[in-house]
Every structure is written in C-alpha cells, then in structure tokens.
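Welcome! Please take a moment to look over the sequence and the model, and then let us walk through some details together.

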Amino acid sequence: MSTGVHAAWLPPAAFRALGSRRVLVHGDGPLVDTVFDEVAAACAEHGGRARRTGARPPTSADAPVDGVAVGSADDPVDPVFDLVFALRGTGPLPAPTVAAAASRAEAAGAAELGDGLGDEGFLLAVGAGATVVLADAPAGLLYGLFHVVRLGAAAFDGARPPRAYRPALRRRMLDHWDNVAVHPVMGQVERGYAGGSIFWRDGAARRDLPRLRAYGRLLAASGVNAVSVNNVNVHAPEARLLTDRLGDVAEIARVLRRYGIRVHLSVTFAAPVVLGGLSTADPLDQGVRDWWAATTRRVYERIPDFGGYVVKADSEGQPGPFTYGRSHAEGANLLAEALAPTDGVVHWRAFVYNHRQDWRDRTIDRARAAHDHFAPLDGRFRDNVILQVKFGPMDFQVREPVSPVIGAMPATRLAVELQVTQEYTGQQRHVCYLGPWWSEVLRFAPWGPGGATVADVAAGPAGAGGGLVAVSNVGDDPFWTGHPLAQANLYAFGRFAWDPGLDPLAVLDEWIDLTFPVSATGDPDLVRDTLHDVMDDSWQTYERYTAPLGVGFMVRPGNHYGPDVDGYEYTRWGTYHFADRDGVGVDRTRATGTGFTGQYPPPWSEVYEARERCPDELLLFFHHVPYGHVLHSGATVIQHIYDTHFAGVERVDAMRRRWKLLAGVIDPAVYERVVERLDEQWRCAVQWRDQINAYFFRKSGVPDAHGRRIH
C-alpha cells in the first residue's frame, strides 16, 4: 500500500486471528496465489505458519511445518493445520489429517453444498480442531478468506455450524465518474468528494500500482467484482480509452484481476464518429456495426476478461440513438451485438429525461421520464444488455420512492443503481451512513408486501439479473473517501450487493470491528458505542435538517451542497417543490396531477394516489398539501418542518460532543479529520435549519408552536 494511505477495513490487526495460526492453502490459479499471498503476509505479521500445496509441483514457498515438507501426498509426517483453504478437485490434499478435516467439512456441510458452490461461493465448516474453507472455484477461496478475516476469532469456534455462502447477485459493480483530464467544471472526478482519481491524473494514467492493488483488495474484501474506470459523461480524452489509450485500461485490469475484479469502460455512443472517422453512429448502419465489432475484438485481445461497456445516451447532452430516430433498444443492441462473441455486457443507463424543461409547464414531470422512455421497450433488449436504473425516479435524493421502472420491465435484465458518493447526502463532509436507506430500497416489494423485492429483481431468475451498481466515493485522499466514516458506505455497498438481506447495523458492526480492531484501540467498547451513536441514525439526521417529506432538491444548483430552497424552482432541470402561500409539494396524482402514481402497480398506485394513505416521508413527493395538513405522526406539515430542522441541528451537535470522547483512543489522524468534518456538518446544518424554517415561515405565516427563533 502507498505510504500514508489509511488501511480502511483491512488493517494488519484485522488479520490477527488468521495470521496467528497454522494455515494451509491448497489449490492452483492466480486468485489462489492471491489468497496465499494474503495468508503469508498475515502469518508473517502475527507469528503463524503459512503453507501452500496443490496439483502443481511444490516450490520454495512450500516451506516445512515443524520440519516436514508439505507439498505432496507422500509427506512422511502428518502435519496439523488450524485453518485450511482448499479448492475442491485440485489434486490430493497433502496429509491424512488435512484430508480427513476436509472430508469431515464436506460431510457436515453436505446439505449446504447442494448442487455446488458456484464460481464465487464457499463452504465454511469447523470441527476436529480445524476450520476448513472449501470452494469450487478460485474466487470462492478469495471471498472465503475475507470472510474468515471478517469473523475473526469466531471463525474458529467449534460450535459454529457449517454454512455455504453464495452471492445473491452475480454482478456487484462500482462506476467511477473519473475524468482522464481535469474537466473545467467537474474537475478530475465528477461528483467526487475525496480528492482526485486513483486511476488518472492531468490527462494521463496515474500508475500508482500499489494503491490500485490496495483498492482492489478493499473491494474484494467487501464483495465487489467489477469496476468501470471512467466517467459516464464521456469527454474526448475518456473516449480514447477505447482505442489508442487502451493500454492504460489493460494495466488497470491486470492489477485488479488479482482480486477477481473485472474492468468495464464507459463509452460514448458517438465513438464511430469521434474515434473512427465515420459520418454516422446510426445503430442500424452496417458500417457502424462493423466498427463496433472490430473495436470490441481489439479490446478483448488486450483484456481477455474485459467486462463490457457502460453507456449514458440521450441524457444531459450525451449523444445517443435519438439523433438517428432510433430507440434505446436499438442503440443498446448495437453494442450488445459487438459483445456477443464474449461474455461481456452493456450497462445501458435509464437516466434519460428532458433537461431543458419550461418550469411554467406543470404537465412535464421529470419523475415520469425513465418509465415513459423504457417501459414500452420491455422485451426488446438483447440478453447481454443490462438496463441500469437509478433506485429512485429522480436523482439519488435523501428520500424518494423506489423507481416504478424496477417493477415495469419483467422481460429485461435490470441493474439497480445506488450512489455511494454522497452527492445529495452531505458530500462526505457530513456523516450519513446510507446502509439503512439502501436496505429499505432493496427490501421494497414493488407488487405489494409479500411479493418479489427490488433485490429479487436485481438478482433475476436463476441469478441472471443485472445486479447492483453504485457510483464510487473513492478518491486519492489518504482516507480513500475524504471522511473516514464514509468508508462505511463503500463497505456496506459491497456487502449488500453480496447479500441484500443483511441487517444494515450488523454490516456497520462488521466495518467497525475491521476498521477499529480491538487490539488497535485504547477502549474498544467506547469506540464501538461512539461509532454507533454517531452513525446509526445519521441518514435520518441528515434528512431531518435538509429537504422535508420527500420533496428533495432544495440545494444549490451546480455544486449541490448546502441549502437553496428555490435554487432549482425556476430552472430547466425539472426539480420543483411548488411552495406558495397555501401549501407545498408536487401533485403527481392521476386525478389532478402529472399521473406519475399510475406508473406503479397496485397496491402502490393506490397508496401513493391517496393523500390519507401516502407515507408521511413521501407526502410532498406525491401531493401538494396545505401547511396545516395533519400527518400520520399527528403534526402539521409546517410544524413538522420546524421541529425536524431544529432537532436535526441538535442531533449533529450531540454527535460532535460524543465523538470528542475518542480523543487519545483512536488514530489521531482519523480523530482529527472527523472532528473537522463534524464541525462543518454542524455549520451547514445550522444554515439548512435557518434557511428552510425562515423560507416556510415567510411563505405560510404560521409561527412555530414552541416559540423558537425563526429568522
């Protein structure tokens, strides 16, 4: 790892339980090599013994255990191991005791094994003094390794029942919005709040290979298996990554491959014109099809495990098939055809809307756009197209309903897109643990309680769905994510992508235990209690002092930070709240509004349509209501606005005070960075409170029932 970079959730101390034991790694292949390298480093750090065997002949790495050479089935003495990582079907295990332990693990876990563990699954079993991790494929051993690290000493508890672990979602991907060259408006990373790119710098490849390797290691430890390395808004320098800059991408792929991570590229739909000198990018033109086919072949010649393309088309100025009178299905299928000889996929983003609206026209509703564009195309996309749908119908707000597109396209592979980088949730200057929000989204049942969930749609039948994708929050900051506590969001994304049913607070516990190991802190109980106190409800805290009841977008245009209630109210972007002297909110009903509620299937179409049934937290997203409207909570809308904004600031102040208990207990650099960020969060929360409350007091004329000062 590069000097001065925080170890995040993989500090050496997190490997103590594993590294202090006698460990055997059995199997072949580059990912098994990675497992052994990790085990060997941990054992060197903590005094254990690491050994490697497999079908290949033994090498110098197969050093003696208590004077016995381990590497063949004919060892004269039977060595003992506390922990065995074994790839099933890779030659005989090296000694009778090891073979017996593996056989017992298989027998104990027979019911869990079923038809096999798949490409990434593993079985963990404990018995007869040994913990055994079995896998059918090398990636399974890699994920098994990091699960043992996550469990710590509990991985060696003899009472632990055998269990097979398989990812619920096959595709678990991060999109980097990194620019090769510094963009004059968005900088090196668009919506990046943690410094520059770890891939690119000032128009060239960064080539900090140790840091890149450390990043791949962090991602694999949380469950991520794919990365797109450049911005979905593809500018001229990024476009060239597909052709004459492909070597830079191949180098990134080589490093990340060691941790089972496949590289994808964002490409411009206009590439045949921009890069190939053609006069058109029409998806039905044979010359265009030939260009994409030839270009894609060259990509795979350099990067045999290339993942595929990511495309933002006909959105916010990016070129697309609409230029040629073609549909999004025809555009996506063009690239899918080029990728058909491989196992690559096209991630086609559904973020398409009119960004040049007239704010006076209240019939236009940005929330409707993705469904209007894509639902009629269901069943018309090729099998290797994944339609990438933002989890909500707008744009990663702190609260919005689940996108109706997720329930409207059963014949299309869908990926659900989250945003780990906190564009609208404090920009990594504010603590905002998003695990609880994502858990709500993934558990939401579009067809009603008891039915299939958003996670089920992302997983797809027989695991053939599009998976989970998120916008990365990583930069070249020493803490990776700018705010050290924002690392929890990156970790949680990977864990939810592996298992959407996880408890978000249990995931937070995992991150705390890994990032702040007991052996590395002065008072482990105080650290754990403090982090939970600061982070558990931090998403709800952020919601309290920002835009109320689902209305969203009360931020400064452009940088999207801090309050500006009317900032978007008269713009072309279509993000309005329609506050007036009588009330606030957007009427999206079928009866009197934009009809957006009709894009949902029952029962949600009826729940959202009826003001009296609509959940409080989404009321202003779906309805324009008087300030005196009484919520299910019993408060009026106006009093709810006042109360939550005062409460939000008080909560942030309590978080600041609680964090200061950790002075001298944790790494001083982490402590000081969080102090600085919490001070900024409190300052900004005060601004939100004062501006939002003053705005609505002046609009409504209704005073605060508790007589608090409103400016």
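Rings of Phe, Tyr and Trp (its six-membered ring) form a pair if their centres lie within 6.5 Å. Keep that in mind as we begin, and remember that this is a predicted model.

With this rule, the structure holds 34 aromatic pairs. Where do Phe596 and Phe622 lie? Phe596 is in the loop between strand E19 (583-584) and helix H19 (604-609), while Phe622 belongs to helix H20 (residues 619-622), so the pair ties together parts that are 26 residues apart in sequence. Both Phe596 and Phe622 are buried, and for Phe622 the relative accessible area is 0%.

Phe622 has another partner, Tyr600, with ring centres 6.3 Å apart and planes at 65 degrees. Planes over 60 degrees apart count as edge-to-face, so that is the name for this pair. Tyr600 also sits in the loop between E19 and H19, and because Phe622 is in helix H20, the pair ties together parts 22 residues apart in sequence. Tyr600 is buried too, at a relative accessible area of 5%.

Now step back to see how these rings connect. Ring pairs link Phe444, Phe596, Tyr600, Trp604, Tyr608, Phe621 and Phe622 into a cluster. One of its members, Phe621, has a charged neighbour: the charged end of Arg588 sits over the Phe621 ring, 4.2 Å from the ring centre. Elsewhere, the charged end of Arg399 sits over the ring of Trp437, 5.3 Å from its centre.

The loop between E19 and H19 has one more detail to show. Pro603 lies in this loop, and the peptide bond leading from Pro602 to Pro603 is cis, with omega near 5 degrees. Most residues other than glycine have a negative phi, and most peptide bonds are trans.

Asp314 is not a glycine, yet its phi is positive, about 55 degrees. You will find Asp314 in the loop between strand E14 (308-311) and helix H11 (328-339). Ala462, likewise not a glycine, has a positive phi of about 55 degrees, and its place is the loop between helix H14 (454-459) and strand E18 (467-471). Are these residues buried or exposed? Asp314 counts as buried at 14% relative accessibility, whereas Ala462 is exposed, with a relative accessible area of 74%.

Next, look at how two helices pack. Helix H13 (residues 435-443) and helix H15 (residues 487-498) have axes that come within 10 Å and cross at roughly 25 degrees. Angles under 35 degrees count as roughly parallel, and H13 and H15 are therefore roughly parallel to each other. Their crossing is right-handed.

Finally, how many disulfides does a search of the whole structure find? The count is zero. Take Cys432 as an example: the closest cysteine sulfur, in Cys684, is 12 Å from its own sulfur, too far for a bond. A disulfide needs the sulfur atoms within 2.5 Å. Cys432 counts as buried at 3% relative accessibility, and Cys684 counts as buried at 2%.

Conventions:
Residues are numbered from 1 along each chain as its sequence is written. This is a predicted model: local features need pLDDT of at least 70, side-chain atom pairs count only at pLDDT 80 or more; totals for chains, interfaces and linings use all residues. Side-chain values use heavy atoms; hydrogens and water are left out. Rings of Phe, Tyr and Trp (its six-membered ring) pair if their centres lie within 6.5 Å; planes under 30 degrees apart count as stacked, over 60 as edge-to-face and the rest as tilted. Helices (H or I, at least four residues) and strands (E, at least two) are DSSP runs, numbered from the N terminus. Buried means under 20% relative accessible area, exposed over 50%, partly exposed in between (1.4 Å probe, protein chains only). A charge sits over a ring if NZ of Lys or CZ of Arg is within 6 Å of the ring centre and within 35 degrees of the ring normal. Axes are lines fitted to C-alpha atoms, for helices over the stretch in contact, and angles run from 0 to 180 degrees between N-to-C directions. Angles under 35 degrees count as roughly parallel, over 145 as roughly antiparallel, 65 to 115 as roughly perpendicular and the rest as oblique. A crossing is left-handed if the near helix is turned anticlockwise from the far one by less than a right angle, and right-handed if clockwise.
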